Amino acid sequence: MNKKKGFGLLAKQRASGWAFLTPAALLLFLTSFYPMVQAFITSLKTGSSARLKWSEPLFNNYTRMLKDTVFKTSMGNTFLYLIIQVPIMLILAILLAQLLNNKDLKFRGLFRTLIFLPCATSLVSYALIFKTLFAREGLINAMLLSLGIIKENVNWLGTPGTAKAVIIIAMLWRWTGYNMVFYLAGLQNIEYSVYEAANIDGANGWKTFWNVTVPLLRPVIVMTAIMSINGTLQLFDESVNLTAGGPSNTTITMSHYIYNNSLGSGVANFGYASAMSFVVFILVAVLALINMKVGDTRD
Amino acid sequence: MKKFVAVLITLCLMLAVSSALADKLTVSAWDAAFNGSALQAAADDYKANVDPDFELEINIVSGSSDVENDMTLAGSSGDYSNLSDIVLFQDHFIQRYVADYPDCWVSLDDAGINWDDFGAEKLSYSTVDGVHYGVPVDNGTAIMAYRVDLLEQCGYTVADMTGITWDKFLEVGKEVYAKTGKALLSMDGSGNDLPYIMLQAEGKSQFKDGKPYITENEDLVKIIKVICEMAKEHVLILANDWTGYVNETVLQDQVAGVMNGNWMIPSMSLVTENSGKWEITTLPTLDGHEGYAANGGSSLYITANCKNLELAKKFLAYTFGGSTETYDNALRKGGVIGCCISAAQSGVYQEGVPFFNGQAIYSKIVEMGAHVPIVEQNDYHYTCRGYIGNAIQEVLMGGDVETALKTAEDQLLFAMGL
C-alpha cells in the first residue's frame, strides 16, 4: 500500500540525507578527488609543462624516483622529523593539557592562551624569526656566548645536525599548543566522578593519568597523531624558510623537493613532481590507516 | 535583463577601446631601487621625447623567481592573461624558458634594434636559435672590489692585486685576516656563484657539448679546491644563504673584498662609512692572467599577453635600444650599468665615483664587459650551480673533493635525465 504512494518515511529520510550530502560531496570531489586523478595522470607524463607527453615507459617517473638520491635524502629527513618531533610534541601537549586542566590553577586562561598563541603566527614569519634567532650573529649565539657555554659563534643553520635540531625545535614551539587544545577539549569531556572513583580506589596521579586519562582520551590521541603525521609528511615552510633545505640538501623535506622540481628553480618538471606527490599521498594514507586500525579498539 | 546586458557590453567595449587607445604598457621587475629605477628612467625618457601620452606601469615583485613562476604557470596553463606586457628576466633562465614555453615570448627581430651595439656575450643569452627575444638591461660583468685601506695595512695596493693567481690571493687573504680580522671574500654558500664566475674567468664552463663537465674539468676541480682552502683559512666566508651573504658579510662590514656581478655595487654602497675606501679591478685566475666574467644580468622580454606589440617594440628599441638619456638616468638613479656600447660613451659613464675613491668604475666595467669570454650555457645552469655549491659544503664538512664533485655530477646528470 505504502509503496504505491512512492515515498515511504525511510525513503524520504534517505533522500533528504542525500540532498544534504550532495553539495559537500560534489565540492569534495571537485576540489580533492578530481585533482588527485589529474595529478596521477600528470605523474605518468613528462616534458615541458606546456607540452606534456606520456612518458616512455609509462611509469618512468616512479622508477626514476628509486634512483634519485636527493629524493631519498628528503624522505629520510621527513621521517626523521616525524619520528622525533611527533612523539615529543604529543607527549608535551598531553602533559600541558593535564596541567592546565587543573581546576585550582590560577590564571589558567592566560596560560592556555599563551601556549596556544604560537599557532596564530604565520608559518613563514615564525620560520623567519627562528632563522634570525639562530643566525650566526643571532640572539641564541649571543646568549650562549655571554653565558660562557660556547666559545665562538655556532653556525646552527649551516651544520646538518644542528639545522635539523632547529627545525624540530621550531616545529615543537609552533604546534604543541595547537595539539594541547584538542587534549584540553578531550579532558573536559571526562567526568570528574571518574577521577574521584580512581582516587577512592587508591590510584596516585601517575596511575590515574595512565589508566584513566589516556584510555579515555584515545580517540583524541588518534586524531592528533593522524593530523601531526599528515602535517609533518607535508612539511614545507620550515624547510624552505629556515634552512632553504641546506646545507647541501641535508635538511630538505619531500614537499620542498617537490616544489623545487615544479616551481622555484626554473625546472618545471611537473610530471616528476606529481609522481613524487603521489608517493607522499600514498604514504600519508597508509600511515593514517595503520594509525586508525591500531587506535580504534571498538571491535 | 536585456538592457543590463547591453549596458555591460557597452561598458566592456568602452574599456577595451580606452585601454587600446591609451599608450600604456605594464612591466614586471623585482628591485624597485635597481631595475625599477632603470625602467622608470626609460619611461620618463620615452614620455618626454617620443610620446607624451605614454604610460608605463611598473609592477615590482619580491624576487626574480616570481617572474619565473608567473611564466611557468602561464606557459603550463596556456593562459597568458595575467602576465605583464613586458617582463624583466634573468639571463641564465631565459634559454630554458624559451625552449619550454615558446608561445610565451615574442621575437624582437623586427623591432629595429641595432644588435651590434651590444656585447656578444650578453646577447648570447637572449638569442635563441638566432632569434632575438630580449633587450639587454643590466650588465652582469663581474668586478673584484678591494678595500684599499685594509690592503695598505698589509702592504699591498690594488695594482698588486691585479692579474694575480688564486694562490697569491689566498696568501694575501691570510695576511689580511691575521692583521684586520676581515675576510678577503664572501659568498652565499648555498647557491654559490663563485665556481661559475671563477670558471668563466678561465674561459671554461661547467658544461661541454650539452653535458656536465665537472669531474673531468681540471680547472673546475682546482677552483673547488681553492674555494675550500680559502674557506678553511678564513679568507672566504660562506654564508648560509643570500640574505646572510648580503646582510651579514657585506653590510655588517666583515669583508675586505667583494667579487660578484656589478649589481652588488648598490648594496656595497649602503655601508656609507666605507665610502672612498674601495676600488675595483679584474678577477684573479688560476694562472694569473686578468680574469673577466659576468654573473646574473637580466634583459627585458615582451610576453604573449602584450596587446600593443608595436608600442612595446618601439618603446624598447628607443630606450634600452640605445637612448643615452635612458642609460644615463638608469645609472644615476639606480646604479644600473647598461650593456649598450654607444650609450656608455656618454659623460656620466666617465665620472669618478666617490665611493670607489674617485675611480671611474662605470667606464671600467663596460670596458671589462667587452673582454668577458663566451662560455657554453645550459638550461640547467642554476641546478648545476646548486649541486656544485652542495659539493663545496660537503668538502667543508670533511668530505673529499673528488667524491663530492662526482656526487654533484651524478645528481646533475640525473636531473638532466642523461
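This is a predicted model: local features need pLDDT of at least 70, side-chain atom pairs count only at pLDDT 80 or more; totals for chains, interfaces and linings use all residues.

Helices (H or I, at least four residues) and strands (E, at least two) are DSSP runs, numbered from the N terminus. By this definition, chain A contains 12 helices and two strands.

**Chain A as a whole**

- From the N terminus on, the elements of chain A follow the order α-β-β-α-α-α-α-α-α-α-α-α-α-α.
- The C-alpha trace of chain A spans about 75 × 65 × 30 Å along its principal axes.
- The radius of gyration of chain A is 25 Å, whereas a compact globule of 299 residues would have one near 19 Å.
- Of the 299 residues in chain A, 30% count as buried.
- Among the contacts in chain A between residues at least 6 apart in sequence, 67% join residues that are at least 24 apart.

**Two helices of chain A**

- Two packed helices are described by the angle between their axes and the distance between the axes.
- In chain A, the axes of helix α3 (residues 69-100) and helix α9 (residues 205-233) come within 10 Å and cross at roughly 145°.
- The crossing of α3(A) and α9(A) is right-handed.
- On the α3(A) side, the residues that meet α9(A) include Y81(A), L82(A) and M89(A); on the α9(A) side, those that meet α3(A) include F209(A), I229(A) and L233(A).
- The residues of this contact between α3(A) and α9(A) comprise nine nonpolar, seven polar and no charged residues.

**Contact between the chains**

- The contact involves 23 residues from chain A and 22 residues from chain B.
- The side of chain A that touches chain B has nine nonpolar, 10 polar and four charged residues.

**Domains of chain B**

- Chain B is divided into domain 1 (20-139 + 297-345) and domain 2 (142-293 + 373-416).
- Taken over C-alpha atoms, the centres of domain 1 and domain 2 of chain B are separated by 29 Å.
- In chain B, 15 residues of domain 1 are in contact with 10 residues of domain 2.
- On the side of domain 1 of chain B that touches domain 2, α4 (91-100) and α5 (120-126) of chain B each supply at least two residues.
- By class, that side of domain 1 of chain B has six nonpolar, six polar and three charged residues.

Conventions. Residues are numbered from 1 along each chain as its sequence is written. Chains are lettered from A and ligands numbered from 1 in the order in which they are written. Domain bounds come from an automatic or database domain assignment. Two residues are in contact if their C-beta atoms, placed from the backbone, lie within 7 Å. Ala, Val, Leu, Ile, Met, Phe, Trp, Tyr, Cys and Pro count as nonpolar, Asp, Glu, Lys and Arg as charged, and the others, Gly among them, as polar. Axes are lines fitted to C-alpha atoms, for helices over the stretch in contact, and angles run from 0 to 180 degrees between N-to-C directions. A crossing is left-handed if the near helix is turned anticlockwise from the far one by less than a right angle, and right-handed if clockwise. The radius of gyration is taken over C-alpha atoms; the globule rule is 2.2 Å times the number of residues to the power 0.38. A residue is buried if 20 or more other C-beta atoms lie within 10 Å of its own, exposed if 12 or fewer, and partly exposed in between; C-beta atoms are placed from the backbone.
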